[in-house]
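Biologist: Before the discussion begins, please show the sequence and the model. I shall then ask on what grounds each term is applied.

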Amino acid sequence: MQKPAIPGQLRFFTLDLQKPRPAIVHRLTATGPVDGDRLLAAVRAVLRAQPALRLSLHPEPAGLMQRVHPVADVPVEVHRLPADAASAGRLLRERVDALGAPFDHAGAPLCRVSVLLGDDRAQLLFGVHHGIFDDGSAAALLDALTTAYAQGPDALPDAGELPAPPQGEQAAALREFWTRTLKDAPADCTLPQLVPGADRTRGSVTAQLPAALVARMRDRARETGASVFTQVMASLAWVAGWYARTDDVVIATASGAGRDTSGASVINCLQNTIPVRVPLSGATTEQLLDRTLEALFDAVEHSELPLEEILAATGAERHPDRKPFTQLMCTQGELFTEAEGGGLLWRMDPPESDQVEYDLSVTLLHGPQGEEHLVVAHPVQALDGRTAERFLAHLVAALDALTAPHSVPLTGHDLLSAEERAELAALTGAPVPGTPAPVHRLVEEQARRTPDATALVTSAELLDHAALHARAERLAAALIAAGVRPGDRVGVCLERSAGLVVAVLAAWRAGAAYVPLDPDYPGDRLRYMLEDSAPAAVIAESPCCPGCRRWPRTPRRRCPPPGRRFRPTHRRT
């Protein structure tokens, strides 16, 4: 059976054409005396009742089509779960990696299942494509499995047909709303600290919100109607506007469609990504909550229009390397979900992912005991970990201000910590008196005073003052032996590292000036810099550029990079 694909399926299929995406792997753990046959029957019942788990997507002349397969076409593998924890962990990781491989759209269903059976527990792994399974489908899957296992396969009703997309006047009204709401909106709402790039490898920082703060947030929700999630979105708008120096912030969020049809909760790609525009100009903390609540409510009320049609209606500029309107995302979910059924305790954990879709996403995770967690996720190449930690701390500071007894203007409230204010005072305070001594002499004097104090920290090395001075001294001796004289120039062609600092100090100790040669520069540019500066020696891991092997052109020899011929003295962090 074939029918047209829904908008979410078309979106993810198109993304797959650009770059295949890993499958999402959802893991359920059933703890207790597991009946293997009964569990497999429940899995097959879920596959029967939820057609989306049996779908494949196919481009046809009429457009992208979805095809529903028989239950038997969905691969279900069964493995025995080893008794010892180490072997069980390895098997689990192997199956997660296998199920997480991208789908090739060669005609098979976009779902794979592995069942790992043990004596007192079972692991169920569902590898699914983004186009058939959204965040809201996780709860539907858990509910369907527990029902089919506890009450039998026949107790699970088939999911009904999805509601028809908006048409005619309703669609026109939705387009008019989004056109009006996003008129003159920022074309690309982001943070100046975010570095655009194609690598989406995930980095993240997490914090559990203090219990007292959570209590105040819930009190504020009862007073104003602004839920805990709305308050998190408001804090994100505030901090993002502060970082970017703008009073017009657009944040993306996910809105779920109705899932209950014929008594069954539907699994499918039903969530829609919608932009929420929050105005900050002249707002107090109380007004910010009101504005965020109104903007979010209006956006959700008009979320039936798919994102692709929102973009078409507003004429938003599309770019292959960034999201439309905003690079900021705000969502919520569960830390994990538990249920009881059929004498077993069932637990579903959020899927693991090493990729991120937005440059910065803030997720509110609700814990089982009422605790709340904030996660800031980002591509590791887009944002450094220290900045992400500070951003998270500023979000918490904004939440603290939003729940304070008295409303204050956003522009008059300081979100900096005491430590950050001290750093700022040091940077903006009175000038530090200069000294006539050169830098390498100051390093040498410091090494005599505090030899064991930390001088230099990188991701790979930690050098105290004595080690830093010793390495610079040895390399300076090598430079002098290579013919470097006071007043000469020394080229330094090294990546950012402890060796780079050592090389600069060594050049100064030899009485020379250093010429910075970035290894990432094009070869022609490096060649020109060498010809123009005529260094007496070059410190490098390898030749700087094609044709530079005989540099310098005098009989002097090229010096080894720090640590190549001279054993480094350092401690590993």
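Biologist: Which residues of H13 are buried?

Modeller: In H13, the buried residues are His-465, Ala-467, Leu-468, His-469, Arg-471, Ala-472, Leu-475, Ala-476, Ala-478 and Leu-479. Buried means under 20% relative accessible area, exposed over 50%, and partly exposed in between, with a 1.4 Å probe and protein chains only. This is a predicted model, in which local features need pLDDT of at least 70, side-chain atom pairs count only at pLDDT 80 or more, and totals for chains, interfaces and linings use all residues. Residues are numbered from 1 along each chain as its sequence is written, and side-chain values use heavy atoms, with hydrogens and water left out.

Biologist: Why is the span of H13 said to agree with expectation?

Modeller: The expected span of a helix is 1.5 Å times one less than its number of residues. Helix H13 (residues 465-481) has 17 residues and should therefore span 24 Å; its end C-alpha atoms are 24 Å apart, which agrees. Helices (H or I, at least four residues) and strands (E, at least two) are DSSP runs, numbered from the N terminus.

Biologist: What do the buried residues of H13 pack against?

Modeller: Their partners include helix H12 (439-449), helix H14 (498-509), strand S22 (489-493) and strand S24 (537-540). Contact means heavy atoms within 4.5 Å.

Biologist: Which residues of H5 are buried, and why are they placed on the same side of H5?

Modeller: The buried residues of H5 are Ala-171, Leu-174, Phe-177 and Trp-178. They cover an arc of only 120° around the axis, and so they lie on the same side of H5. The arc is that of the directions from the helix axis to the C-beta atoms. These buried residues pack against strand S13 (272-279), helix H8 (285-301) and helix H9 (307-314). The face turned away from the buried side of H5 carries the exposed residues Gly-168 and Glu-169.

Biologist: Why is Val-128 called buried?

Modeller: Val-128 has a relative accessible area of 0%, so it counts as buried. Val-128 belongs to strand S7 (residues 121-128). Beyond its neighbours within four places in sequence, Val-128 is in contact with residues including Ala-23, Leu-53, Phe-103 and Phe-133.

Biologist: What makes Pro-186 partly exposed?

Modeller: The relative accessibility of Pro-186 is 22%, and therefore Pro-186 counts as partly exposed. Pro-186 lies in the loop between H5 and strand S8 (188-189). Leaving aside neighbours within four places in sequence, its contacts are Asp-248, Val-250 and Phe-325.

Biologist: How do you know that Ala-534 is partly exposed, and what is its phi?

Modeller: Ala-534 has a relative accessible area of 43%, so it is partly exposed. Its phi is near 45°, a positive value in a residue other than glycine. Most residues other than glycine have a negative phi. Ala-534 sits in the loop between helix H15 (523-533) and S24. His-105 also is not a glycine and has a positive phi, of about 55°. The place of His-105 is the loop between helix H3 (85-99) and strand S6 (111-117).

Biologist: What can be said of the chain as a whole, in elements and in burial?

Modeller: The chain has 15 helices and 24 strands. Of its 573 residues, 47% count as buried. Among contacts between residues at least 6 apart in sequence, 72% join residues at least 24 apart.
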